[in-house]
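Here are a few exercises to work through with the model open beside you. Try each task before reading its solution.

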Amino acid sequence: MAPFDGNDPLGESDRDSADDDVVAKQQAFQQTFPLETDRLIIREMEPEDVDAFQELISHPEFHYYYFDGSRARTEAFVNEAIENRKAGERGELRRSFMMAVENKTTGALIGHVTVDMLDKAPDDYDLAYFIHPDHWGRGYATEAAAGFLKALFNTVAPEQVVATAHPENIASRKLLKHVGFKETGKMTQIDSADGKGERLWYRLEPRNFHDLHPNA
Ligand SMILES: CC(C)(COP(=O)(O)OP(=O)(O)OC[C@H]1O[C@@H](n2cnc3c(N)ncnc32)[C@H](O)[C@@H]1OP(=O)(O)O)[C@@H](O)C(=O)NCCC(=O)NCCS
């Protein structure tokens, strides 16, 4: 996720009618939230979510490139999500759709799923996600990603969604495969909170998603 400074991040001054079309599609996507799947609710973030996210990221087994463990970083994460939602509500191009993932039965916040619009590429979105370690291995991340992507393809209809995964992140790589992503290559020298290293690139085209999820 690229840093978001709130200062005309997508060059609104250069906006044209093609962008207006993207905004209309993004607004349809935005209106799908809160979005229900079998066991989950995917919803916009609220300021009150900071405590639950801080508890989640403080789990000793949890690692995600964005966080450094500080509450300030967690607050920045939630604030970024809210600022992006407000941009969408103002009818601007929305850079990110950073969502909270809730357990439908308990109402507990158990994770996060997002797509970030890549700079100046409205047909290109980048998927990322995480789940609280107490809930790993129950299919929640796969369910959240599939439900989220279904809504994205049915509204924004991007030409592709990309994602990256560390080679050793088996759970993430399995999830991407389950949802329909194809591995397309590798890259190195990524600067992030967890340092530099190799990452695998993945790409999802709508037809690959719909082949695996025919009722989507
Ligand atoms: C990646 C992550 C989101 C997966 O969450 P999850 O809810 O456990 O995922 P799912 O239950 O949908 O499982 C997806 C697959 O990974 C497998 N899996 C889950 N945890 C695993 C683990 N620790 N080791 C190996 N495989 C694992 C599951 O069995 C499943 O594969 P299967 O269907 O073949 O059995 C979670 O591990 C996480 O939050 N990791 C930290 C953040 C991160 O790495 N995010 C991805 C980068 S954007």
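**Exercise 1: the ligand shell**

Task: find which element gives the largest share of the shell around the ligand.

Solution. Start with the count by element: α5 supplies 6 residues, the largest share of this shell. Helices (H or I, at least four residues) and strands (E, at least two) are DSSP runs, numbered from the N terminus.

Next, look at the nearest residues. The shell has 19 residues, and Phe130, Trp136, Ala141, Thr142 and Ala171 come nearest to the ligand. Two or more shell residues come from each of β5 (124-131), α4 (140-155) and α5 (170-179). Here, near means that the C-beta atom, placed from the backbone, lies within 6 Å of the molecule or strand.

**Exercise 2: confidence**

Task: state the average pLDDT of the protein.

Solution. First, a reminder on the source: this is a predicted model, where local features need pLDDT of at least 70, side-chain atom pairs count only at pLDDT 80 or more, and totals for chains, interfaces and linings use all residues. Residues are numbered from 1 along each chain as its sequence is written.

Then read the average: pLDDT (the predictor's confidence in each residue, from 0 to 100) averages 89, and 88% of the residues score at least 70.

**Exercise 3: the fold**

Task: give the order of the elements from the N terminus on.

Solution. Count 6 helices and 8 strands, then read α-β-β-α-α-β-β-β-α-β-α-β-β-α.
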